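Morning, everyone. Please look at the model on the screen, and then I'll walk you through it.

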Amino acid sequence: MTTVLILLLLALGAYLVAVIETWTITGRFQLAAPLFAGIALLGRESIVPRKPDRIFFEVAPVLLLISAILAAAVVPLTPDLIITDLATGALFINAALVYVLVALLMAGWGPDGAYAMIGGWRFLGQLIAYAMLIVMPITAVVMRAESLLTTQIVVSQAGVWNIVYQPLGFVLFFIAAMALAFLPPFDLPTAKGELAGGVEAEYTGVRLAVFRLGRLALIITLAAATVIFYLGGWQGPWLPPWAWSAIKILVVTATMLLIGRFMPRIREADLLAWCWIFGIPLALLNIFLVGVLVLVLP
Amino acid sequence: MITGARQGTLSGLRRLVSIAMARDLSTFLIPGPDIARAHGLDFEAAGLHPVASPRHASVLLIVGAIPPALREAAAIIYAQMVRPRVLFALGTETLPPLPAADVVAGLSQQDLIQGIRQLRSAFAEGAFRPDVSDFDAPMLHVRIEYTCPMHPEVVQSEPGSCPKCGMDLLPREAQATAGHTHADHQEMDNSADRQATSTHDHGTHHTMVHDAPLEYTCPMHPEVVQREPGSCPKCGMNLEPREAQTEPTHDHHHMTHDAPVEYTCPMHPEVVQSEPGSCPKCGMTLEPHEMQDTQTQEHAGMDPHRDHSTMDPGDMAFMSMIDVTQDLPRSGDGLPMEWIEAPFGPFFPGLPGGLLLTLTLDGDTVAGSDARSLIGNGDLLLQHLSMDSGSFVERLANRDPLAPVAYRLLACRALENVAGMDIPADTACARIGALERERIASHLGWLALFGQQTGFDWLRRHAASLQLKFQQADLKQILALKPAIQALTKRLQRTPLLESRTAGIGQLAPDATLRGPVARATGISDDARSTDKTCAALGFTPVSREGGDALARLHVRLDEIAHSIALIKAAGAIELPAPAHVGELSGTGEAVVETPRGLARLQLTLEGGQVTATQLDTPSTHHLTLITPLIEQQELGDALVIVGSLDLSPWEIQP
């Protein structure tokens, strides 16, 4: 029952992400637009490129969707509304999302097209930049909660949210999450003006619909992960827990989608250099600071 | 009814789908958004949703008349679009080889909106049809040519044997030739193939594959190769078919199959022996290696005819990077990767429409490039033309939709020079007003394209809407827009990542061949307006910046927008130049105009009032040659920013 409910909420969340995304681009709230776009995609032909790696080409969109759903399985929306409260929940999110890279690489290689292939390579490079900045801030979050249980992580923020307790970790995680969801300005693998869609370029019809759904689910899952790690999850006054979860997740999603509109796409070389030169030392510093705080504060 | 309908009867569910499609008009724009805006069209406000890949589009929108080479490229784009698809033409009906447009409308926002209404109803009613015919055009067919595996210079259109060595020639797909300008060669083939599967034309590609001898090999044990299907004697897996490899450059293993084998330890390369066994240092089983045959290797490495787009993991040893990469050409960084040739354009979302940039990519680094314009605007260069002066001015003005005022002014000035006329000061001022207004609009259009290219969506939309406002603005409106320009400039100075994206990219040294903002960004204050008395009287001073990189070019354009507003204010009027009446005059004349892209020069000869010879020199023609040296060894994203920062107009490039 919980599983079905969470899956339905994930679908609803993905739909809302699409609505918010349209809003950030056109400035208009069009509740029905993603519905029409989705149906239209299903009505179009879905063609296979001429020399595909058929397995990679077919599996990639599905894998992207699956990895987002897997990660969503350990995200608690209320103390009880969680598919499985794994003892290794915090790490499981990271483990599930590794398949995003695999899916994009497959989508890049599968169609045997130049733009897609370069998009796949770019995301492989991007992984080297963001991967450590996902794991290391999570480490600091776990240190405070003294547990990998995602519910326990939320409970540990009862007094002070992690965004206040470890702001540095929040900034790093937020940036890395955007890079993982290949949202602008980190949309290197799909870059419209540089690769005409990149890894997405060769997908059409139903396959494209699955790919886009996977991307939307990934965004909402990462926003939810940000909320439980740093924004106190379901906690908040007056409103019921589910409402707080929903509000926080949608606000984080909107922020993630808005930021990229106001700056040009980052250069891949800069992303790599900055993440290694500044990101990792800062993440280590964050772990150290949180360690000191955990020891000093009761 | 739409010609690009998808096959099927319009049942209840499909009716619903059709209605959804009519609401969601994903549009691919030809020649590009820059031209649409130059015609004053705001297609997003009209309800079209632009997409970057023709694969994702259901509407192909053609804006204005386009030359034959672009129509050919557009036909390929149309074939790449999945059905149902519609063709929507604005201001033109000459489309072959494209099919007739489903909806035709005039070149104005009003007509565009009207046309979209028609488009929606056409979609809702005709997205599915039981009898669909395929779109076919000559450029969609894959041509097969035959070549000798040993003598790549032997290429012919018929099968046969090599005149040099007598070997049977092998079929291969013909490489994209000069006239073929695909947005993506592979994509084009797909669509040709897709259509082939549904109709009469059985794809040449299939025939080719089936005619080639097949052999069967184990995916895990590449040394197992046999003519018949079966299972692997080593692991029992089903053997997989592949084309028999006879080209030596394609298959290192087969080529050197008889080469002596030596055994070496994967961890200790210094351990080499001629017999199998285990490593004396670590005990690992030694792996067989073919002894290097330096001669063949060199030959393979230098062979320029290697088909880099073929990536068949089947002929590579499992996971051996050395085997995979040893025949590949090396680029500057020494890291061997597959080189791929990819076309960017002529309708690439981040480049000016009509510009074809073919990049040879080594990974995502540019190893080679070729840039040219597909517009082919050479008709005015004819030495023996005869045209009355009035229509000559119109021809030159309509030649470049991105700078019509500047070229109109150029033609008028040249005619006046022949006639030895002097222009009244107030007319001259009003002309400057029109020229500067165009410069502002053009620079804003460039900013919008830059925003599009770099995914800076706010800039794309904001600059585009400002451009549309400036284009037809009168004096009062322009002065009212001044704060918006100031705000834009301020915003861009504070934009994160903008500097890192452009600083040091596309560095140019001061050079006499540079023109316009590109030259002035290298610190040269070279501007044709400096020598113009009217401009000097209006308080013109050339804008220049040090740096010579893409960032400096961005800032020069921003400064020029501000300066142009000041000039328009000083000029006090805006008036399009009108051609002087020259009568039966004969003689030669010359004129220069600082167009938004730099100095353009026109020399013309009049005989009895007829223009008989012209010579035109445009900035983009010079800047086009900068591309190849500038983007060599640059990362793809940087290379595109460099090409974009030159602000080329394919319409003014001389063939």
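How many helices and strands does chain B have? Chain B has 21 helices and 23 strands. Both are DSSP runs numbered from the N terminus: helices are H or I with at least four residues, strands are E with at least two.

Some ground rules. This is a predicted model, where local features need pLDDT of at least 70, side-chain atom pairs count only at pLDDT 80 or more, and totals for chains, interfaces and linings use all residues. Residues are numbered from 1 along each chain as its sequence is written, while chains are lettered from A and ligands numbered from 1 in the order in which they are written.

Now a sheet in chain B. Five strands form an open sheet, ordered β3-β2-β4-β5-β6, with parallel pairing. Strands pair if DSSP finds at least two bridges between them. At the edges sit β3 (49-50) and β6 (103-105) of chain B, each pairing on one side only. Further in, β2 (residues 26-30) and β4 (residues 59-63) of chain B are joined by four bridges. There, Thr27(B) faces Val59(B) of β4(B).

On to the two chains together. Contact means C-beta atoms, placed from the backbone, within 7 Å. By that rule, 43 residues of chain A touch 48 residues of chain B. On the chain A side, α2(A) gives the most, with six residues. That side divides into 23 nonpolar, six polar and 14 charged residues. Nonpolar covers Ala, Val, Leu, Ile, Met, Phe, Trp, Tyr, Cys and Pro; charged covers Asp, Glu, Lys and Arg; the others, Gly among them, are polar.

Key. Two residues are in contact if their C-beta atoms, placed from the backbone, lie within 7 Å.
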